Amino acid sequence: MKRIGILTAGGDTPALNAAIHGAVVRANQLKIEVVGLIKGFNCLFNPRVPHVHLNPLFQSIPELDPTKGGTLIGSSRDYVDPSRGHELDLIVSRLCSLKIEGLIAVGGDGTLNGLQPLAERLPTVLAPKTIDNDLGLNYPSEPDEWVRTAEPGATNGRRYTRTPSSTVFDLNHIVNYATPGYATAVFVTAQGVQRIRTTAESHRRIAIIEVMGRHSGYIALGTAYGQPDIILVPEQPIDMTLLVERVRHLYDLQKNVVIVCGEGIVDEDGKELGAMSTSTDPAGNVALSGAAEALRAKMMEMLGDRYFQRYRRGETAREAIFIRKVGHTQRGGRPILFDRFYAAQLGSKAVDLLVEGRNNAVSVLQYHADRGFYVEGYDANRFRDRWGYIHARRLHPALYDPLLMRPSKMGIDYLLPIFTDAIGNDDAEHMRQTLFDAGNLSHPYHSINTDVHKRIRYLEAETP
Ligand code: F6P
């Protein structure tokens with residue numbers, strides 16, 4: 001291969017530039033040109049195909065900084081629709097006009113779902129990223145456990161359910177143990193909990209902190225590092241009676257409670273608390289935006305104002321129970337060492353997969369207790385159920401203790417390899433040196449987009 005394309009798709013994560021950097025460094029070694037496609041798949045729907053040459057003369061451009069969050073080539077939630085064959089043909093002909101012989105998409109499960117039809121027309125591989133940590137399998141046979149039934153009213157008229165598993169869960173068998181972006185997201189949420197805690201303690205309040213992750217509870221699980229009292233994950237329907245009992249016990253004891261909830265938490269009937277509206281993003285994902293609010297409303301009702309008045313800790317439950325969403329700070333900013341290092345390795349592996357002719361493959365981060373972390377290639381089809389659909393990975397029940405409402409022993413064992421050395425010395429030093437730099441006060445922010453824009457080239461000239 002002489003020239004490959006790379007794009008970043010879906011929501012941004014902190015380690016996208018690191019993945020691109022890893023790919024470009026490997027391509028430089030192999031004397032392959034890398035073309036960055038601007039704004040994910042959106043670029044390919046545009047006949048002008050805005051793009052950037054990322055390694056002229058096989059040297060990475062200086063704007064490609066693996067320690068910077070976001071993505072220098074931009075991202076979008078546009079996906080390829082497999083049923084639109086004509087559009088796909090156009091996309092491939094545009095890539096061919098650019099002399100692109102293979103494509104790397106850096107993305108999550110949504111991106112991988114849309115990749116098959118492209119891979120049938122052009123060598124295509126995926127380098128994973130997502131803060132949600134939901135691209136992967138708890139064990140290789142997991143896709144076979146899905147069953148699809150017709151159900152009017154469900155998305156596309158189909159409902160997917162799981163048959164009981166007969167597989168013994170083993171951490172060493174997880175496919176794609178952790179995805180780049182996850183560690184940095186937890187780095188942010190765990191600190192968020194520590195900061196909220198002192199307010200809850202000082203003002204005798206109950207804090208509900210909502211973290212991202214859609215229907216997967218990995219971010220909530222990892223937030224255990226911030227020592228919240230209770231963690232609620234989407235995989236375990238909430239038992240409100242048990243929850244309120246636990247809150248009362250803790251509040252009596254320590255005069256404050258900190259609860260972390262994943263944005264996708266569900267009630268006893270499996271209904272998402274946070275799906276306040278049925279709005280979806282362009283990729284068809286339900287926008288989850290109200291989990292903490294809904295939980296607060298339930299708790300206010302069950303605890304009541306009198307409970308707080310009795311303690312002289314506020315006139316109303318509304319006053320005493322507050323919510324905070326960590327929000328997009330989880331997704332942005334400098335990636336911590338774990339993410340940078342493995343994102344780069346996965347990007348580099350993606351180049352190797354293309355060169356080796358492993359079309360429609362994914363570079364994955366594997367872990368084994370005897371060997372530590374290592375990257376390898378995994379056929380994308382092995383992520384698919386028998387109807388070809390890729391499901392977001394959900395927390396295995398063995399990782400969470402529903403009675404204690406925190407990580408189980410195995411959950412702790414899962415987290416340790418990722419986080420024990422996740423922060424580099426340079427991460428702490430970077431903050432020390434740059435945050436209170438006097439120049440920040442006098443110089444306007446200089447966006448990477450301004451510099452990259454100067455490098456953008458087009459397939460076709462603009463029509464006057
Ligand atoms: O998939 C990553 C993620 O950050 C989810 O955790 C969250 O639900 C969603 O994206 C938010 O998307 P957006 O930034 O488009 O609101």
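Me: Which residue does Glu-87 form a salt bridge with?
Reply: In this predicted model, Glu-87 forms a salt bridge with Arg-84, and the closest N and O atoms are 3.7 Å apart.

Me: Where do Glu-63 and Arg-455 lie?
Reply: Glu-63 is in the loop between strand E3 (51-53) and helix H3 (85-97), and Arg-455 is in the segment after helix H15 (448-453), so the pair ties together parts that are 392 residues apart in sequence.

Me: Why does Glu-63 count as buried?
Reply: Because its relative accessibility is 15%, and buried means under 20%. Arg-455, at 26%, is partly exposed.

Me: What about Arg-159, which residue does its side chain meet?
Reply: The side chain of Arg-159 meets that of Glu-151 in a salt bridge, 2.8 Å from N to O. Arg-159 is partly exposed at 37%, and Glu-151 is partly exposed at 29%.

Me: Which residues are linked in a network of salt bridges?
Reply: Arg-334, Arg-340, Asp-426 and Asp-427.

Me: Changing topic to strands. Why is E12 described as largely enclosed?
Reply: Strand E12 covers residues 361-368, and seven of its eight residues are buried, so the rest of the structure largely encloses it.

Me: Which strands does E12 pair with, and in what sense?
Reply: Strand E5 (residues 124-128) pairs with E12 in the parallel sense, over two bridges. With strand E13 (residues 372-379) the pairing is antiparallel, over eight bridges. E12 and E13 also form a hairpin, with three residues between them.

Me: What stands opposite Val-362?
Reply: Leu-126 stands opposite Val-362 in E12, and Val-362 also stands opposite Tyr-378 in E13.

Me: Now the surface. Which residues gather in the patch of negative charge?
Reply: Asp-239, Glu-245, Glu-268 and Asp-269. Glu-268 is in the loop between strand E10 (257-262) and helix H9 (291-310), and is partly exposed at 47% relative accessible area.

Me: And which residues make the nonpolar patch?
Reply: Tyr-225, Ile-412 and Leu-416 make a nonpolar surface patch of about 250 Å². Leu-416 is in helix H12 (residues 409-419) and counts as partly exposed, with 38% relative accessibility.

How values were computed. Residues are numbered from 1 along each chain as its sequence is written. This is a predicted model: local features need pLDDT of at least 70, side-chain atom pairs count only at pLDDT 80 or more; totals for chains, interfaces and linings use all residues. Side-chain values use heavy atoms; hydrogens and water are left out. Patches are made of residues with over 30% relative accessible area and no salt bridge: like charges are joined within 9 Å, nonpolar side chains (Val, Leu, Ile, Met, Phe, Trp, Tyr) within 5 Å. Accessible areas come from the Shrake-Rupley method with a 1.4 Å probe; for residues, only the protein chains shown count as cover. A salt bridge is a side-chain nitrogen of Lys or Arg within 4 Å of a carboxyl oxygen of Asp or Glu. Lys and Arg count as positive and Asp and Glu as negative; His and the chain ends are not counted. The place of a charge is taken as NZ of Lys, CZ of Arg, CG of Asp or CD of Glu. Helices (H or I, at least four residues) and strands (E, at least two) are DSSP runs, numbered from the N terminus. Buried means under 20% relative accessible area, exposed over 50%, partly exposed in between (1.4 Å probe, protein chains only). Two strands pair if DSSP finds at least two bridges between them.
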